[in-house]
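Here is a short briefing on one protein model. Please look through the sequence and the structure before reading the points below.

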Amino acid sequence: MITSSLIIAGIIVILAIVTIIGLMSRYRRCASDEILVVFGKAGKKTQTNPTTGKKETVVLPSKIIHGGGTFVFPVIQDWRKMSLKPIQIQTSVVGVSSQMIKVGIPVTLTTGIGTTDALMQNAASRFLTAKPQEISDQIKDILIGEMRSLMATMTIEEINADRVKFLGKAKENIETELNKVGFSIININNAD
């Protein structure tokens with residue numbers, strides 16, 4: 001009788017230990033220069049609708065953790081990490097001024113995933129499974145497109161005379177487009 005009770009107690013202790021180890025193995029964490037994206041059943045969030053002003057419950061496409069950790073439920077959730085390290089893109093943008101004069105401007109853009117909830121969610125939605133080269137190519141296309149659009153609105157004199165104003169407008173235009181894919185500008189320079 002005592003032996004069977006000890007065997008049952010031992011089995012219960014072993015099952016408890018195995019369960020705790022199993023649960024702890026599902027805890028994921030990330031460094032401060034990474035975001036942890038948990039997807040699958042990510043949860044819900046209550047927020048105010050900007051058009052109606054009423055509170056609404058929204059199903060989240062993913063749960064974003066910046067420099068922390070969370071429990072990832074087996075079977076219903078999975079996870080990936082995304083780096084917040086800066087990406088530097090150097091290119092020469094060739095476009096046409098408003099006077100139809102061909103202009104070439106060497107540009108260096110340093111960008112990275114933004115750290116606001118909305119920007120991290122956008123980046124996860126757009127680039128979670130993308131390779132670093134695919135991300136760089138997409139950002140480079142945005143940079144070139146926005147620089148060409150800006151060049152087309154300015155004369156050659158305006159572009160050459162006030163580089164600070166030109167880069168200010170460029171930063172404003174590029175930032176808007178980068179935010180749509182979850183990135184923000186760290187620095188933009190004209191190399192020439």
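Predicted model: local features only at pLDDT ≥ 70, side-chain atom pairs only at ≥ 80, totals over all residues.

Residues are numbered from 1 along each chain as its sequence is written, and side-chain values use heavy atoms, with hydrogens and water left out.

**Overall form**

- The protein has five helices and ten strands; helices (H or I, at least four residues) and strands (E, at least two) are DSSP runs, numbered from the N terminus.
- The protein is more spread out than a compact globule, because its radius of gyration is 25 Å, well over the 16 Å that the globule rule gives for 192 residues.
- That radius is taken over C-alpha atoms, and the globule rule is 2.2 Å times the number of residues to the power 0.38.
- The C-alpha trace spans about 100 × 40 × 20 Å along its principal axes.
- Of the 192 residues, 34% count as buried; buried means under 20% relative accessible area, exposed over 50%, and partly exposed in between (1.4 Å probe, protein chains only).
- Among contacts (heavy atoms within 4.5 Å) with a separation of 6 or more, 71% join residues 24 or more positions apart.

**Nonpolar cores**

- A nonpolar core is a set of buried Ala, Val, Leu, Ile, Met, Phe, Trp, Tyr and Cys residues joined through side-chain atoms within 4.5 Å.
- The largest such core has 38 residues, and Met82, Met147, Phe166 and Phe183 have the most contacts inside it.
- Elements that each supply at least two residues of this core include β2 (34-40), β8 (87-96), α3 (132-153) and β10 (183-190).
- The largest share of this core, eight residues, comes from α3.
- A second, separate core has five residues, among them Leu36, Val38, Ile65 and Val72.
- Leaving aside neighbours within four places in sequence, Phe183 is in contact with residues including Ile87, Leu119, Phe127, Ile135 and Leu178.

**Two backbone angles**

- Most residues other than glycine have a negative phi.
- Val75, in the loop between β6 (69-71) and β7 (77-83), has a positive phi of about 70° although it is not a glycine.
- Val75 is exposed, with a relative accessible area of 85%.
- Met100, in the loop between β8 and β9, is not a glycine either, yet has a positive phi of about 65°.
- Met100 also counts as exposed, at 69% relative accessibility.
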